[in-house]
Amino acid sequence: ALVPLRILLDHAAENNYGIPAFNVNNLEQIKAIMEAAREVNSPVILQASRGARKYAGEAFLRHMVLGAVEEYPEIPIVMHQDHGNSPATCYSAIKNGFTSVMMDGSLMEDAKTPASYEYNVEVTAKVTEVAHALGVSVEGELGCLGSLETGQGDKEDGHGFEGSLSHDQLLTDPDQAADFVERTGVDALAIAIGTSHGAYKFSRKPDGAILAIDRIREIHHRLPNTHLVMHGSSSVPQDLQDIINAYGGAIPQTWGVPVAEIQEGIRNGVRKINVDTDNRLAITGAVRKALAEDTTEFDPRKFLIPSTKAMQKVCRERYIEFGSAGQA
Ligand code: G3H
Ligand code: 13P
Ligand code: NA
Ligand code: ZN
């Protein structure tokens, strides 16, 4: 069944686990996520960006998700708007059957200019009032994602801002977080603690702690009843980079968030963990490999099946690592 995000995250909080939220654009990604969930009995959060809604088309996306509900009746599914850039985007998602919306008021409507705190409170509170009246959950965001190393801010597409951001903008302030939740009534809060979107998160192999875990702990201490969300949580596994590069790709060496760091975040109150890049890497590597290994083949299913399986493997691993396996 389709359920609001709040239902799944309340259960995750009571039982101390995290749930991966995977981005979807097409049938194969939805099937990969659902098959993995069935294998390990995990609840599911499907999320679509504005770009995904445009790519698939509203009716296709809605009916594919309803298809998943019908095919996997034993699995609770959240359909979530990722990075809503305005109240209008969130309302149109609700109209299209989404059970959860993110109002990302940390950025202006252009999704690239950092917004003022008062703007963020205003748009988020407005969306929450409407969404809650309709039984839909809301995620807000406070702070700007980006590299603590370089100060390079992060648009939602993983491409950097021009100019750099201050440490204050890159780390969510616990007092402000408490005020924000009180004034907006959000169910979940995305926080900035040193992650960034896309594949190029860290320029060196992380040795030891790389996220501001203390910040997570402080925010959770101030907001024990608000579910914390970590964006930019792909781990960018070496083997997935290697497959792409072994079959004609040219991806520069990069490092993501170690799974152990995410697990430490979960122990400190993180409940929703956004992952897109790892699945993109898995799909692309498998497509490249299948096409390279049989150059006479031209049935698309011959590369779509292995690429779906490669994504399924990533999803299954994250369900197990984040602790949502066995919780559906
Ligand atoms: O945070 C963004 C997600 O990775 C989705 O990216 O806007 O390219 O669909 P997208
Ligand atoms: P990654 O780019 O690390 O997968 O993050 C995805 C994300 O945060 C989507 O909102
Ligand atoms: Na932000
Ligand atoms: Zn994000």
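A residue is taken as near a molecule or strand if its C-beta atom, placed from the backbone, lies within 6 Å of it. The model is predicted: local features need pLDDT of at least 70, side-chain atom pairs count only at pLDDT 80 or more, and totals for chains, interfaces and linings use all residues. Residues are numbered from 1 along each chain as its sequence is written, while chains are lettered from A and ligands numbered from 1 in the order in which they are written.

Ligand 2 is surrounded by 14 residues, of which His231, Ser234, Asn274, Asp276 and Thr277 are the closest. Strand 3 (77-84) and strand 10 (270-275) each give two or more residues to this shell; helices (H or I, at least four residues) and strands (E, at least two) are DSSP runs, numbered from the N terminus.

The unreviewed UniProt entry lists Asp104 and Glu141 under "binding site". Such positions follow the numbering used here, feature names are shortened, and annotations may be inferred rather than shown by experiment.

Asp104 is found in the loop between strand 4 (100-103) and helix 6 (117-133). Glu141 belongs to strand 5 (residues 137-142). Asp104 has 29 C-beta neighbours inside 10 Å and counts as buried; Glu141 has 28 and is likewise buried. The cut-offs are 20 or more other C-beta atoms within 10 Å for buried, 12 or fewer for exposed, and partly exposed in between, with C-beta atoms placed from the backbone.
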